[in-house]
Amino acid sequence: MRGGELQVKIADTGDEFDGIARLNYATFVEEIPQHQSNPDRALVDKFHQENTYFIAKDGAAIVGMLALRNQRPFSLDAKLPDLDAHVLPGESLCEIRLLAIEPSHRHSRVLRELFRALFAHCVAQGFDRALISGRLENIPLYTKLGFEPFAEPVGSEGARYQPMFMTRATANRQLRALPVRAAMEAAPVGARHCFLPGPVAMHPEVEAATRLPVYSHRSQRYASLLDETKERLRTLTHTQAVEVLMGTGTLANDVVAAHIAQLGSKGLIVSNGEFGERLLAHAQGFGIAHVAHQLPWGQAIDPDAIAQRLDDDRDIRWLWCVHCETSTGQVNPVKEIQAVCDARQVLTHWDGISALGVLPCDWGGVRMASAVSGKGLGALTGLALVFYNPALLQSQPTATTRPLPAYLDLRTYAKQQGQPYSGSSLLLEALASALRRPQAPRAATRALLGDWLEPRLQQLGLPQVVQGAARSPGVFTLALPKGVSSQALGDALLEAGLECSYASGYLLQRNWLQICLMGEASQAGLALLCEQLAQHLE
């Protein structure tokens, strides 16, 4: 190699494609007897039009190449009829082919740089698994690169290949030829892995909805889409009514608090985490008469204890509780609490912001519940959702009850078909797109990813604040060991392209770090996260 003049790039010129054909011929006709010879001494791959070619150039000469393709059928499909049995459902796949390096450059950095460029590209494109057919004599090389064999060898005598795959979960941790951090930093921001409770990584179909032309919230198109969206939301939660407001979960809970205030009665607010504490703050802000049932963070709520509180104080006529406590991942027993309250004619209100889209949400018996468009539903942040029972909403206001601020009054929305004020068509389009996606496959994928992640966190010595069935499948809150700073670790992960939740004051105060699976996630991303955690915890 002349003075380190190596350039690695994606081929895009006629001269480069000609050079690829010549190197392809030299490797797969003259060296490996895989194709017939021809007088042109050039071999154009049958998938040429679909290939992305990564080439290494020493000066003007192409000295190395490989091709990437993500369209089925792959070349391996013709050799392995059961190829799909060797991959996870829903994975984004690609196939690496035509690795060829001039003999004079096979002990140089050409191989490393080709795979470095390929890896960065795969990260940017969001592929979960890469397949490759490695020559039998080169299996040790591919294994070192992080590939794992699967199935039986394929091909003809003289050109035998071992099917192999690579995910970031199988990458060799000692490998430095493909530095994960460098690849992630080279990838665009959109390719980075998001494990936040919100905003969340969105499915490509949902992202596409955010790029539609903007239209008026007074149009028939907006009204029809709003009706469709509200119907899907009601079906998902088994509720009678829902209103969609421009705002966040805090606004949704302000709406709930405002309508609780109109009851003019005392209530019980149950708290076992940060967001239960915030319900108490909402009540204080609206001057609502209430008593608090406060538990240590991460401790499960005992429905029998709630029943005892209600029996001891018959003046309590309503209850407000968090369905899923985001701060710890604790899933509270709202079904059992609902039964306790129904037996005593106590009205219930749920903060369902981190529950909807992650947990089954049967809120048919509640007076009101709050949620948002982001988080578990997987759309853009920016829409506050308030579910309610119209008959219970109308009950008990007295002549002395103060009128609600217009923006918080659900009756105003109901009277004007849900759109009394300005709305964003793009936010609504994204939410509608997210709701059209089947919920069951999303839940199944989240469960599979959680089952994969949990034992690896245990191996790393990272205890969860809440464990077992009481923990949300979308939230892993980790109590870091002494001497490990959540802020320093979170900053390091973020620098490596892995966005976890750690910057909130309540997490920093407790030295906690959160991995959330509320939006789109992949096993490859989680494997990369575990690798980085292992490195920083050593």
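This is a predicted model: local features need pLDDT of at least 70, side-chain atom pairs count only at pLDDT 80 or more; totals for chains, interfaces and linings use all residues.
How many cavities of 30 Å³ or more does a search of the whole structure find? The search finds three.

The greatest contribution is that of β10, which provides three residues.

**The nonpolar cores**

In soluble globular proteins, nonpolar side chains tend to be buried together. In this model, the largest nonpolar core contains 51 residues. The members that touch the most other members are Leu233, Leu319, Trp350, Leu356, Trp363, Leu385 and Phe387. Helix α14 (residues 425-436) supplies seven residues, the largest share of this core. Another core lies apart from the largest one; it has 32 residues, including Val256, Met368, Ala384 and Leu393.

Leu233 illustrates how residues from separate parts of the sequence meet. When neighbours within four places in sequence are set aside, Leu233 is in contact with Thr239, Val242, Val244, Leu356, Leu377, Leu385, Phe387 and Leu435.

Which residues of helix α11 (residues 334-343) are buried? They are Val334, Ile337, Gln338, Val340 and Cys341. These residues lie on the same side of α11 because they cover an arc of only 160 degrees around the axis. Lys335 and Ala343, on the other side of α11, are exposed. The elements against which the buried residues of α11 pack are listed below.

| Element packed against the buried residues of α11 | Residues |
|---|---|
| α10 | 303-312 |
| β13 | 316-322 |
| β16 | 347-351 |

Gln345 follows α11 and has a positive phi, near 55 degrees. This residue is located in the loop between α11 and β16. Is Gln345 buried or exposed? Gln345 counts as exposed because its relative accessibility is 68%, and the cut-off for an exposed residue is over 50%. In sequence, Gln345 and Arg317 are 28 residues apart, while in space their C-alpha atoms are 7.4 Å apart.

Technical notes. Residues are numbered from 1 along each chain as its sequence is written. Side-chain values use heavy atoms; hydrogens and water are left out. Buried means under 20% relative accessible area, exposed over 50%, partly exposed in between (1.4 Å probe, protein chains only). Helices (H or I, at least four residues) and strands (E, at least two) are DSSP runs, numbered from the N terminus. The arc is that of the directions from the helix axis to the C-beta atoms. Contact means heavy atoms within 4.5 Å. On a 1 Å grid over the protein atoms alone, a cavity is a set of points where a 1.4 Å probe fits but cannot get out, and a pocket is an open set with protein on both sides within 12 Å along at least five of seven lines; lining residues have an atom within 4 Å of a point. Grid points are joined across faces, edges and corners, and a volume is the space filled by probe spheres set on the points. A nonpolar core is a set of buried Ala, Val, Leu, Ile, Met, Phe, Trp, Tyr and Cys residues joined through side-chain atoms within 4.5 Å.
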